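Hello,

Here is the structure for you to look over. My notes follow below it.

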Amino acid sequence: MRDSRPQSLDVLFEDAAAVEKSPLHIVQQRAVALLKLNRAVTSLLPAQLHPWCRVANYRKQILVLEAGNASWMTRLRYELPTLLSALRSEILPSLSSIDIRINPSLMIKHNNSAQSFAKTTSENHKILPVRQLSQESAKELIILANRSPKKLKERLERLAALAGESASTAKKKC
């Protein structure tokens with residue numbers, strides 16, 4: 001059981017002789033070790049998972065990873081056997097299992113970068129498939145328009161008139 005009682009700051013910042021044993025030094029060492037472990041795990045994962053996954057903790061031979069949401073957690077689970085064997089052979093021979101938890105703050109943190117990535121990807125690939133309304137579909141729309149109320153009838157007839165034109169010109173006429 002941990003000692004979680006409040007402590008004076010003097011205890012944390014003791015003299016230089018006792019720095020090696022101070023609680024602050026122990027916390028700092030643990031943080032550095034987790035950062036190194038996070039870099040190692042990240043290097044073993046596919047590039048798509050890097051922003052959405054990180055090491056949360058390592059205790060009792062269990063590595064705890066955080067994923068941004070359930071879909072990234074599922075994607076990470078596909079990588080578990082490879083990751084587990086690589087970590088056991090290279091870094092943590094005593095590793096017994098990997099636990100994955102969802103941490104939504106990872107999604108919030110990287111949401112802006114994901115949106116900008118999607119935006120630049122869509123700007124780079126502006127080639128869209130050309131869609132056309134067939135003559136058969138236009139005939140069906142006319143039949144449907146004859147049984148529809150006035151407003152809907154007018155719109156269906158306008159849509160049917162666009163048969164054979166591409167979707168981009170159809171948007172300009174509506």
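**Aromatic pair and nonpolar cores**

Trp52 has a relative accessibility of 9%, so it counts as buried, the cut-off being under 20%. Keep in mind that this is a predicted model.

Trp72 has a relative accessible area of 21%, so it is partly exposed.

The aromatic count for the model is 1 pair. Trp52 and Trp72 form it, and the pair is stacked. The ring centres are 5.6 Å apart, with 15° between the planes. Distant parts of the chain are linked this way. Trp52 sits in the loop between helix H2 (23–44) and strand S1 (53–59). Trp72 belongs to helix H3 (residues 70–90).

Now the cores. Which residues of the largest nonpolar core touch the most other members? They are Val41, Leu63, Leu65, Leu95 and Ile98, out of 21 residues in that core. Two or more residues each come from H2, S1, strand S2 (62–67), H3 and strand S3 (97–102). H3 gives the largest share, 6 residues.

Take Ile98 as a place to start. Leaving aside residues up to four places away in sequence, Ile98 touches Leu63, Leu65, Leu80, Leu83, Leu84 and Leu87.

One point of background: nonpolar side chains in soluble globular proteins tend to be buried together.

Best wishes

Definitions and conventions
Residues numbered from 1 in each chain as written. Predicted model: local features only at pLDDT ≥ 70, side-chain atom pairs only at ≥ 80, totals over all residues. Heavy atoms only, no water. Phe/Tyr/Trp six-rings, centres within 6.5 Å; stacked < 30°, edge-to-face > 60°. Helix = DSSP H or I, 4+ residues; strand = E, 2+ residues; numbered from the N terminus. Buried < 20%, exposed > 50% of the residue type's maximum accessible area, 1.4 Å probe, protein only. Core = buried A, V, L, I, M, F, W, Y, C linked by side-chain atoms within 4.5 Å. Contact = heavy atoms within 4.5 Å.
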